[in-house]
Structure formats: C-alpha cells, structure tokens
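Here are my notes for someone opening this one for the first time. Have a look at the structure, then read on.

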Amino acid sequence: MDKIFLRGMKAKTLIGVYEWERQHPQTLVLDLEIGVNQFALASDNINETVHYGVVCEVVRAHLQTRSFMLLETLAQDIADLLFARFDGIVQLDIRVVKQGILPHVDEVGVAIQRFKTP
Ligand SMILES: Nc1nc2c(c(=O)[nH]1)N=C([C@H](O)[C@@H](O)CO)CN2
C-alpha cells in the first residue's frame with residue numbers, strides 16, 4: 001500500500017465533555033495517514049490520486065460545522081467523512097491531539113486505524 005500523509009493540521013471545532021469546552025471552539029492538531037492502492041505513477045495526474053490539499057480543506061471545513069464530546073467520536077467521524085468523499089482511500093490512520101489541556105502534560109489525544117469496508 002502507498003501512503004499520503006498530512007501532519008500537524010490545525011482545525012477548529014467544538015469539542016469536550018465539560019461545560020467550559022462547550023462555549024468556544026478549540027484548535028486541534030490532526031495527523032492523517034492515507035493509504036491508497038499503488039500510486040498510478042505512469043499517469044503523473046493529480047486526478048488519479050488523493051489531493052492532500054482537498055483533504056485538508058474538507059476536514060477543516062467539516063469540523064467547523066460539527067460538535068463532539070469525545071476525541072474518539074471525532075476521529076471516527078473524520079474516517080467516515082474521508083472514506084465517503086474519496087474513492088481511492090483504502091486505509092486511514094488518524095491521530096487527534098489537544099494541546100495544553102491538562103496540567104503537566106503537553107498533549108492528549110487518540111489514534112485510530114480504519115480500513116475501507118467493501
Ligand atoms: N478518552 C478521552 N478522555 C477524555 C476526553 C476525550 O475526548 N477522550 N475528553 C476530556 C475532556 O474534554 C478534556 O479534554 C478536558 O479536560 C477528558 N477525558
């Protein structure tokens with residue numbers, strides 16, 4: 001399998017279980033690893049791959065319209081979104097991080113791996 005990745009994507013959304021987190025969007029940091037069947041290298045054509053710029057726009061725009069309690073739910077929602085939107089994606093590794101939310105901890109977060117279902 002070949003991979004396309006985006007690391008350190010910043011995206012705003014309403015996220016969290018506490019009342020104070022429900023008031024304002026927070027900025028999350030996302031890492032996406034996108035598995036595709038072998039790159040169609042001979043064509044050298046952006047239309048025959050997954051455009052990482054479009055992935056970034058789609059995810060950031062989607063999150064701005066959504067609200068979640070848990071990072072786990074958000075990660076699954078992104079997986080569902082990307083499988084539905086991009087035919088070429090066969091595997092996704094998604095990491096979602098909140099920074100500076102816990103005292104004495106730099107980052108907290110979740111990571112999931114999902115495969116396209118036939
Ligand atoms: N496994 C999780 N634990 C916690 C989450 C979460 O999304 N997944 N969220 C919170 C709070 O929203 C936290 O970020 C604020 O302190 C706590 N634990």
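The points below cover the model, the ligand and the pockets.

1. First, what you're looking at. This is a predicted model, in which local features need pLDDT of at least 70 and side-chain atom pairs count only at pLDDT 80 or more, while totals for chains, interfaces and linings use all residues. Residues are numbered from 1 along each chain as its sequence is written, and side-chain values use heavy atoms, with hydrogens and water left out.

2. On confidence: the protein chain has a mean pLDDT of 96, and 100% of its residues reach 70 or more (pLDDT is the predictor's confidence in each residue, from 0 to 100). For the complex, the predictor gives an ipTM of 0.96 and a pTM of 0.95.

3. Which residues surround the ligand? They are G16, V17, Y18, E21, L70, L71, E72, K98 and I101, each with a heavy atom within 4 Å of the ligand. This shell divides into five nonpolar, one polar and three charged residues (Gly counts as polar here, and Tyr as nonpolar).

4. Now the polar contacts, meaning pairs of N or O atoms within 3.5 Å. The side chain of E21 places an N or O atom 2.6 Å from an oxygen atom of the ligand. E72 has a polar side-chain atom 2.7 Å from a ligand nitrogen atom, while V17 uses a backbone N or O atom, 3.1 Å from a ligand oxygen atom. Taken alone the ligand exposes 410 Å², of which the protein buries 69% (Shrake-Rupley method, 1.4 Å probe).

5. The ligand sits in the largest pocket, in the sense that more than half of its atoms lie within 2 Å of the pocket's grid points. That pocket has a volume of about 230 Å³. It is lined by 13 residues, with V17, Y18, E21, K98 and I101 nearest its centre. The lining divides into nine nonpolar, one polar and three charged residues.

Definitions and conventions. A polar contact is a pair of N or O atoms within 3.5 Å; within protein, one must be able to donate a hydrogen and the other to accept it, and residues adjacent in sequence count only if both atoms are side-chain atoms. On a 1 Å grid over the protein atoms alone, a cavity is a set of points where a 1.4 Å probe fits but cannot get out, and a pocket is an open set with protein on both sides within 12 Å along at least five of seven lines; lining residues have an atom within 4 Å of a point. Grid points are joined across faces, edges and corners, and a volume is the space filled by probe spheres set on the points.
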